[in-house]
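Please open the structure below in your viewer and keep the selection tool at hand. The tour moves from the contact between the chains to the pairs inside each chain.

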There are 2 protein chains.
Amino acid sequence: MQDKYQLLRQHFEEIVTLTDEEWNFIAPHFEHKKLKKHQFLIQTGQPVDCEFWIINGLIKSYAVDEKGSEHILQFAMEDYWVSDYYAFQHQIPATIFVDCIEDSEFFCLSLESRETICQKIPAMANFFRIKSNYGFIGLQQRILSLLTQTAEERYDALLFKLPKLVQRVPKKLIAAYLGVSRETLSRFKG
Amino acid sequence: MQDKYQLLRQHFEEIVTLTDEEWNFIAPHFEHKKLKKHQFLIQTGQPVDCEFWIINGLIKSYAVDEKGSEHILQFAMEDYWVSDYYAFQHQIPATIFVDCIEDSEFFCLSLESRETICQKIPAMANFFRIKSNYGFIGLQQRILSLLTQTAEERYDALLFKLPKLVQRVPKKLIAAYLGVSRETLSRFKG
């Protein structure tokens, strides 16, 4: 278990420097959990107590429309953060689902803990600030790709950027991420 | 001019508390500028020296595709932040345009200044962290709307959320934001 916490510290220290004293304050705020394939981290209508940092495994966040179709917001694998951030930040019931594509292991951080850590330890405020900036930039790029690219161009870009993800994820989920049918995806050359 | 800086301080103090000493350190990092309607803050291929906080006016950020069509990433009015964040963060040439829909007045903040302020003043690290979180959430909501809603539903949602913006912005730009043609937009009831 100590090893898992060490991975988390390394994740922070890729961006900021922490003293042992700071780390000893931070670590107990993170709760370690495991779930099996198909189990839920978040279900619509339920409270969103945590954001999650993935130690290993593969997770997806997604909305289900009135016709029952899944629309994937995010794939999250090792080293990624995931939650229903809208519900988490506003402390309202979840509006999307988050579940495991593979057996997964992760740390949970509550909103209260995150705020405590960020108020107490400036390096962590900067860590989450910089992480959030990168997340913001990634989402702006995705919006531009949704507005300007064809589905096939988006598939090629995903293959180029995250080839291992495309191998690990069932094709019907890739289709739900790109916003095309499974049949359309099968016609792309890749 | 002192009034304009006071607006900026108020903007920060909606989220964090600053001492006069902290504010006196922060303020000189912000440069005041004005531009006329149609002038550019950022042009593709050029350096992105700043992010911008809008004092008044109306600004848009957008990509232009191979056919010459505009795809609007963001409208920014009073109290909004805007830049080509991808290029700004990585200090590479701009990949999008940012220009004025109306005469606009704004403050400019360089990446170096932002990092200096955030390292020196923890409250500002928290300010930008929380702002970035809200921005991230807004973009996730927009991606979900692009994946799950029709253009007419997106138009209705925009009217509901930002009715004054829809009044101020020419209809062809609203169409370019929603990802539909001007003709399609004219058929929506609103």
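How many salt bridges are counted between chain A and chain B? The count between these two chains is 2 salt bridges, and it should be read with the reminder that this is a predicted model.

**The two copies**

Begin by selecting both chains and superposing chain A on chain B, which takes a rotation of 180 degrees with 0.0 Å of shift along its axis and gives an RMSD of 0.0 Å. That is the relation of a two-fold axis. The same surface serves both copies, since 100% of the contact residues of chain A recur in chain B. To find the axis from the side of chain A, select A:Arg129, whose C-alpha, at 2.0 Å, comes closest to the rotation axis of the residues of that chain.

**The contact surface**

Next, select the residues in contact: 37 residues from chain A and 37 residues from chain B take part. The area buried between chain A and chain B is about 3,700 Å², and carbon and sulfur atoms give 69% of that area. In chain A, the residues that lose the most area to chain B are A:Arg129, A:Ile143 and A:Leu147, which together account for 18% of what that side buries.

Then turn to B:Arg129, which is linked with A:Glu51, A:Arg114 and A:Glu115 in a network of salt bridges. Within that group, the side chains of A:Arg114 and A:Glu115 meet in a salt bridge of 3.4 Å, N to O, and A:Arg114 is buried, with a relative accessible area of 2%.

**Salt bridges within a chain**

Over all chains the count comes to 20 salt bridges. One of them is formed by A:Glu78 and A:Arg168, whose closest N and O atoms are 3.3 Å apart. This pair links distant parts of the chain, with A:Glu78 in the loop between β5 (70–77) and β6 (81–82) of chain A and A:Arg168 in helix α7 (residues 163–168), 90 residues apart. A:Glu78 is partly exposed at a relative accessible area of 32%, and A:Arg168 is partly exposed at 30%.

For a local pair, select B:Glu13 and B:Arg9, which form a salt bridge with their closest N and O atoms 3.4 Å apart. Both residues lie in helix α1 (residues 2–13) of chain B, 4 residues apart, or about one turn of the helix. B:Glu13 counts as partly exposed at 33% relative accessibility, whereas B:Arg9 counts as buried at 11%.

**Aromatic rings**

Now colour the aromatic side chains, among which the structure holds 34 aromatic pairs over all chains. The rings of A:Phe12 and A:Phe127 have their centres 4.7 Å apart and their planes at 80 degrees, so this pair is edge-to-face. Because A:Phe12 lies in helix α1 (residues 2–13) and A:Phe127 in helix α5 (residues 122–148) of chain A, the pair ties together parts that are 115 residues apart in sequence. Both A:Phe12 and A:Phe127 are buried, and ring pairs link them into a cluster whose members include A:Trp23, A:Trp53 and A:Trp81.

Finally, look at two charges over rings: the charged end of A:Lys120 sits over the ring of A:Phe25, 5.3 Å from its centre, and that of B:Arg142 sits over the ring of B:Tyr177, 3.9 Å from its centre.

Conventions. Residues are numbered from 1 along each chain as its sequence is written. Chains are lettered from A and ligands numbered from 1 in the order in which they are written. This is a predicted model: local features need pLDDT of at least 70, side-chain atom pairs count only at pLDDT 80 or more; totals for chains, interfaces and linings use all residues. Side-chain values use heavy atoms; hydrogens and water are left out. Rings of Phe, Tyr and Trp (its six-membered ring) pair if their centres lie within 6.5 Å; planes under 30 degrees apart count as stacked, over 60 as edge-to-face and the rest as tilted. Helices (H or I, at least four residues) and strands (E, at least two) are DSSP runs, numbered from the N terminus. Buried means under 20% relative accessible area, exposed over 50%, partly exposed in between (1.4 Å probe, protein chains only). A charge sits over a ring if NZ of Lys or CZ of Arg is within 6 Å of the ring centre and within 35 degrees of the ring normal. Copies are superposed by least squares on the C-alpha atoms of residues with pLDDT of at least 70 in both. Contact means heavy atoms within 4.5 Å. Buried area is the accessible area (1.4 Å probe) that two parts lose on being put together, summed over both. A salt bridge is a side-chain nitrogen of Lys or Arg within 4 Å of a carboxyl oxygen of Asp or Glu.
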